[in-house]
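Please read this briefing alongside the sequence and the structure. The points are grouped by topic.

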Amino acid sequence: MSEDTYKTIAVPSEGIYTEKRSKFIAIALPVRTVEEVKAHLETYQKKYYDARHVCYAYMLGHERKDFRANDNGEPSGTAGKPILGQINSNGLTDILIVVVRYFGGIKLGTSGLIVAYKAAAAEAITAATVIEKTVDETVTVLFEYPFMNDVMRIVKEEEPEMLEQSYDMDCRMTLRIRKSAMPKLRARLEKVETLRFEEA
């Protein structure tokens, strides 16, 4: 996997794992922000209000530095960590996995819990559609109208996504392209007369 792609899931998915009458329901959700994570957690804590534990782990961002694991009352390290472990071993990010446990009356012990949470999270990932996304960067350029054709030729050849454009006395265009292709795009645009980059 190159450094400007990352793997995430396309749509929410679910997995169920049962161990000694305890039922573990795992829900994997695509997320982009901590706010989204919090909103989902609130929803599932309400939905499964009668469950013994609602544990989770998430990973955000293509650099995979923003993550958290929560045991929600289970013995430390027996729930959130194994869930996070599954996210890591599948190389995923921008994902939240919630595992809801309904206690079946028989204690599983710490090793049993670790296995169960790991297995439930793995089930949800197996059921998910894993997609590869590119890490993109955006650039905004300003140039005079007569040089429109020069800019459009570069856009056509380099194929960035055009996010917005306005044509007044000065033309303004915001382009998005994968990170690895940005230096070449910028280098070509720099050669266009009157063109300047708008620094964000």
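**Salt bridges, a pocket and a surface patch**

Glu 74 has a relative accessibility of 8%, so this residue counts as buried, the cut-off being under 20%. The model is a predicted one.

- Glu 74 forms a salt bridge with Arg 101, and their closest N and O atoms are 2.9 Å apart.
- Arg 101 belongs to strand β6 (residues 95-102), while Glu 74 sits in the loop between β5 (66-70) and α2 (80-89), so the bridge ties together parts that are 27 residues apart in sequence.
- Arg 101 counts as buried because its relative accessibility is 5%.

**The pair Glu 158 and Lys 184**

- Glu 158 and Lys 184 form a salt bridge in which the closest N and O atoms are 3.4 Å apart.
- Helix α4 (residues 148-158) contains Glu 158 and helix α5 (residues 182-190) contains Lys 184, so this pair ties together parts that are 26 residues apart in sequence.
- Glu 158 has 14% relative accessibility and therefore counts as buried.
- Glu 158 and Lys 184 are also linked with Glu 157 and Arg 188 in a network of salt bridges.

**The pair Glu 161 and Arg 176**

- A salt bridge joins Glu 161 to Arg 176, with the closest N and O atoms 3.2 Å apart.
- Glu 161 lies in strand β9 and Arg 176 in strand β10 (residues 170-178), so the pair ties together parts that are 15 residues apart in sequence.
- Glu 161 is partly exposed because its relative accessible area is 41%.
- Arg 176 also counts as partly exposed, at 30% relative accessibility.

**The nonpolar surface patch**

- Tyr 167 is located in strand β9, which covers residues 161-167.
- The relative accessibility of Tyr 167 is 38%, so this residue counts as partly exposed.

**The largest pocket**

- Of the lining residues, four are charged, three are polar and two are nonpolar.

Conventions: Residues numbered from 1 in each chain as written. Predicted model: local features only at pLDDT ≥ 70, side-chain atom pairs only at ≥ 80, totals over all residues. Heavy atoms only, no water. Nonpolar A, V, L, I, M, F, W, Y, C, P; charged D, E, K, R; others polar. Helix = DSSP H or I, 4+ residues; strand = E, 2+ residues; numbered from the N terminus. Buried < 20%, exposed > 50% of the residue type's maximum accessible area, 1.4 Å probe, protein only. Salt bridge = Lys/Arg side-chain N within 4 Å of Asp/Glu carboxyl O.
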